[in-house]
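Welcome! Take a moment to look over the sequence and the model, and then let us walk through the aromatic rings together.

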Amino acid sequence: MAWMKASEALAKLPEVVLHGRFLFSYDGIPIFAENLSSKQKANILKLGLSTLLRKDRIFGLPAVIQIEPTNVCNMKCPLCPAAEEAGDRMNGFMSYEMFQRILGELGDVLIAAYLYSWGEPFLNRDIFRMIAACTARNIRTLIPTNGQFLQNREEAAALVDSGLSAIIIALDGSTQEIYETYRKGGNVEKVKRCAALIEEAKSLRNSQFPYTCLRTVVTRDNQDDLPSLERLSRDLGVNMFSTKTVGCKILDEAFRDFEPTRESLRRFVYEGGERIDKPSIKCIFPFRQPTIKWDGTVVGCEFDLDLENPFGRLDEQDFTEIWNFPQARALRRRIRKGIRGGFCEKHCPYQDRVQDGSAIQNLELRPLQV
């Protein structure tokens, strides 16, 4: 939904206003929102008006938000910021009280919450309660996971019962040897078991949800393993097999070591060993989809890794104030003017990319029935 073009959004307005339904996608994964309330519909219209008028002060509140349950991870993937020491930023877990505060302010207008940023969401002990609290408010939820959790039937059933809309399960190799070249500290058999148990629980509960996507970050080491990974996805019965370009820590020296040798599988194009620059992107995250870190810090984009441009903190102000603070409006103006710099320059994986999105391929194996 975040990168949806204005023309695409306008085409969906009749369905939203007249029928209270909104079908959109996250990296190609279908998210179907229905029974939208009058407040949810009115907020979508306000956001659309802000976009059309090119405002840096946003009329509505975010309809989609990213919430970081934790920045702690149980793995050490080479290009993931969560594998590093936090530096000036502490590691921690969002409290359920903080999460409830967010829903208290935004719950009436949100249509989707993506429960992740940097870290493994299932390390937060309250994650099932968080999902269920969103479900109770008709908020769709999506979570990515490294698949090392949900290893028994009780946990898989609890996930289905929570009402989670979609889950992305990272599977970067069909064998342990290939898998661990990037997923340091992980076990590929646990990933397979996680996916299988979720599908079993869905069948027992006669539920379509969560929509399951096995996602492969394509690297030099697994680029020839993709056919086997597709077959494995079919065998496990998931809804989608997806491949994605590697795109974290793009300025790190190790980044080029992990890029595939095939140009069609790379995020960027090079000439003379240097990445080819493209015109500045008009990033939409500070306008439509901000991130709330585990400690309540609000940022315009999850790639503000060092909190260089925080909008504010929820332990000091309400979100409704923070959303249009001077820091937020200044970042939006810079983006509109195409001014690079700060975290946008250092960490942005969207700038200069070849594909329209991060995903290379989304192969839907079992479509969602809507």
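Here is a short tour of ring pairs and of charges over rings.

This is a predicted model. Ten aromatic pairs are found in the structure. A pair of aromatic rings is described by the distance of the centres and the angle of the planes.

**Phe303 and Tyr350**
- Phe303 and Tyr350 also form an edge-to-face aromatic pair, at 6.2 Å centre to centre and with 90° between the planes.
- Distant parts of the chain, 47 residues apart, are linked by this pair.
- Phe303 lies in the loop between strand S12 (297-299) and strand S13 (310-313), and Tyr350 in the loop between helix H13 (342-347) and strand S14 (359-364).
- Phe303 is buried, with a relative accessible area of 7%; Tyr350 is buried with 13%.
- Both rings belong to a cluster in which ring pairs link Trp118, Phe285, Phe303 and Tyr350.

**Charges over rings**
- Arg256 is placed over the face of Tyr270, 3.7 Å from the ring centre.
- Arg275 is over the face of Phe268, at 4.2 Å from the ring centre.

Conventions
Residues numbered from 1 in each chain as written. Predicted model: local features only at pLDDT ≥ 70, side-chain atom pairs only at ≥ 80, totals over all residues. Heavy atoms only, no water. Phe/Tyr/Trp six-rings, centres within 6.5 Å; stacked < 30°, edge-to-face > 60°. Helix = DSSP H or I, 4+ residues; strand = E, 2+ residues; numbered from the N terminus. Buried < 20%, exposed > 50% of the residue type's maximum accessible area, 1.4 Å probe, protein only. Lys NZ or Arg CZ within 6 Å of the ring centre and 35° of its normal.
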